[in-house]
Amino acid sequence: MYGRRGFGRRQRGINLDEGTFDPEDAQKVKHTRIGIWDLYEEVEPRLKLVPGSLRSQLETFHEMKGSFPFVLRMFKEIGAIRACWWLLAGYLIITLVLALIPAVELWYSGLLLKIVQNAVEYRTVDRNLLFQVAASRLICSAITRVLQHVQNLLYKPLNERIRQHYAIHNFHARARLDVPTYSDSAVQRQLDNSTTSARTSIAWNNVLTTLHLVSTGVELRDGTLLATLSFGHTLFRKKVGKQNWSPSGVWAATTRDPDYLRSIGMAKAVHQQQHRKELVAGGMVDYLVSSYRGAAERLGNRATDFYEAFHMHNITNRLNLTAFLSDPLRELPQIVFTLRAVQYPSDIPLSLASLNLITQTTSKFSRTLFDLFEQTGSVAENLASIRKLYETYTIPNLVVDGATPFPENQQNLGLGVAVEFRNVSFRYPGSNKDVLRNISFKILQGQLCVIVGANGSGKSTILKLIARLYDPTEGHIFVNDQDIRTLKLADLRRATSVLFQDYTYFPLSIRDNIALGDPDNAHDDEKIREAATLGGATEFIERLDEGFDTYLDRPVEDIYSSLPQGTKTLFGRSVEYSSIRGAGNMSSHSKGLSGGQMQRIALSRTFMRDDGVGLLCFDEPSASLDPTAEHDLFERLRQLRGNKTMIFSTHRFGNLTRHADLILYMDDAVILEEGTHDQLIKQDGGIC
Ligand SMILES: Nc1ncnc2c1ncn2[C@@H]1O[C@H](COP(=O)(O)OP(=O)(O)OP(=O)(O)O)[C@@H](O)[C@H]1O
């Protein structure tokens, strides 16, 4: 009756991307009812014998172990950034010194207590020693302050250098992925998981985490026995003090409560703008209000979201045996030390000072260990993030590169390339519908081929396969009689120029948008202007205030707030008050160019690439042009073509098909007829 709410997933603990999670599997999944919620948690059979919180601790360490090789690699890479050497060395030394200072302070505390004890017992004070101790403690705290300050100063440049280094790698990791790989949802998820935050890099976080672990180790280095004794209490304290807002490991939660589902649905219907028209026109308001009230009354205080419900459930369940055991355990290290002191008085002089020191030391160790345990979750998460980051560098592309250079003879490119489809069928990844069915045709070198067909017949798909954005599901494509899969992708794409119907424009300047058509000559301003002229774009570009430097869509938004309503433009751009009202302080504007103008820019981009290209493909290049502009465009394209092979896709027969050496007439994934304009007219006057 009601749709199920999607399962929330928490990206930590076990690798969630492997295997499946079936809430109904009672063997592996524990079900808990929490108010109106059903919580399903995966039980880890491998670690079944380990009780309570220790189990999740072991899981965490298990995961951390898998991440270590990647952390080592990260340190190697950071070590190779020369600009980081001194900064990192300084940061490391300061961290270690800061970790040692508490021990020195503790030693002086001991001395101080001894002085006090002597004063009480013998009524004498060693003034020199007292002065030394006081001065040393002051120096320690001054040094700590100064070092912390220097550490903060080093933090920023280090973070920035490391972030920049990884930003470049991440950019490449994403940019190199082909179309089917990049559109794969698993790959998208993997990339999202490894995204670097704008302020700190994953790598820098990992450096900090590692340094934190090392400094904790240094702080605890002499206190092995104390640390071990404190361990038990720390674990218990952690379990008792647990105030989680969500479960750990693999879990899912859902609610099937009809009143809750309905009330949330109704609240959305009322809140969301898009339903308002129907809501008012349909006279639904009274009905919705009374239904909502009814549902709310039935729900009472059960209407909480999952996290709230889980948190409350945890709090009410907290009074248990572990809570009772926690306090005695806290005293254990001190009791053991005192007993040892009594047993071996010569080893540990039992005095007021030593007893006090023991108390201080044990509580300090206990706190440090507690902090460490508190953070192991985030430590593991941090280390895993670096693994995920590196894994994105090696995501394999679905379209596998070939090894054969293309063309064999660069001179011949000017004569065009031959393209042959042999029994090609194709379906898009994730789809079960053939959009091309057993297609065969051959375009000879230097021919003009026009593919004609209705919407959705498969014309664009043919061009995508020629550009090898995808590989055929069945059959083969040959370019100059060589299987397209064997050719080097970079060579093939350099020799081919494709203007897609759904061309994109980049959030860059118009100059860059055109220049990207030929990255090798992107700096050649004259060539860019020439291409713009051939694409019919120069005239309107020059009318823009910033001409070729105009951004089609500004990648960085202007930020402002509380502008007087009369302000219509800012930084030369118009201000949109509607979005100010909505978002509070932000607005962005694209340079409202028309569809035809945008298309001319895209065309100019194609004209950038006339050298070194043997095959030109145009997908409906005249869709947004008026008839005169279309005629001009075809004339220019025919001149540009020279002897090269050219393929057009279009909806209709007309101007262009008259000049075609080969027309492929497509309908519903197959080629119905092929030939020249005249041949097709003779065969079937109806279609032309
Ligand atoms: N990325 C995609 N994923 C799944 N299906 C797709 C994808 N792109 C296109 N299709 C489907 O493939 C079929 C053929 O599309 P194609 O774009 O090749 O047709 P077309 O003849 O070029 O149409 P148009 O004239 O509208 O551009 C259509 O049914 C379309 O819905």
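**A guided look**

Guide: This is a predicted model. Over residues 83–108, the chain is 92% helix and 0% strand, with the end C-alpha atoms 39 Å apart.

Visitor: Which UniProt annotation covers residues 83–108?
Guide: The UniProt entry, which is unreviewed, annotates residues 83–108 as "transmembrane region".

Visitor: Let us turn to helix packing. At what angle do helix 8 and helix 10 pack?
Guide: Helix 8 (residues 258–271) and helix 10 (residues 285–299) pack at about 145°, and their axes are 9 Å apart. The crossing of these two helices is left-handed.

Visitor: Which residues meet there?
Guide: On the helix 8 side, they include Tyr260, Met266 and Val270; on the helix 10 side, they include Leu288, Tyr292 and Leu299. By class, this contact has 9 nonpolar, 2 polar and 3 charged residues.

Visitor: Now the sheet: what is the strand order?
Guide: The order is 5-4-7-8 in an open sheet of 4 strands, and the pairing is antiparallel.

Visitor: Why is one side of strand 5 and of strand 8 left without a neighbour?
Guide: Strand 5 (436–443) and strand 8 (482–483) are at the edges and have a single partner strand each, so one side of each lacks a neighbour in the sheet.

Visitor: How many bridges join strand 4 to strand 7?
Guide: Strand 4 (residues 419–426) and strand 7 (residues 474–479) are joined by 5 bridges. In one of these strands, strand 7, Ile477 is the bridge partner of Phe421.

Visitor: Which helix packs on the sheet?
Guide: Helix 14 (residues 459–466) does, touching strand 4, strand 5 and strand 7. The direction of helix 14 makes about 115° with that of strand 4.

Key. Residues are numbered from 1 along each chain as its sequence is written. This is a predicted model: local features need pLDDT of at least 70, side-chain atom pairs count only at pLDDT 80 or more; totals for chains, interfaces and linings use all residues. Axes are lines fitted to C-alpha atoms, for helices over the stretch in contact, and angles run from 0 to 180 degrees between N-to-C directions. A crossing is left-handed if the near helix is turned anticlockwise from the far one by less than a right angle, and right-handed if clockwise. Two residues are in contact if their C-beta atoms, placed from the backbone, lie within 7 Å. Ala, Val, Leu, Ile, Met, Phe, Trp, Tyr, Cys and Pro count as nonpolar, Asp, Glu, Lys and Arg as charged, and the others, Gly among them, as polar. Two strands pair if DSSP finds at least two bridges between them. UniProt positions are given in the numbering used here, feature names are shortened, and annotations may be inferred rather than shown by experiment.
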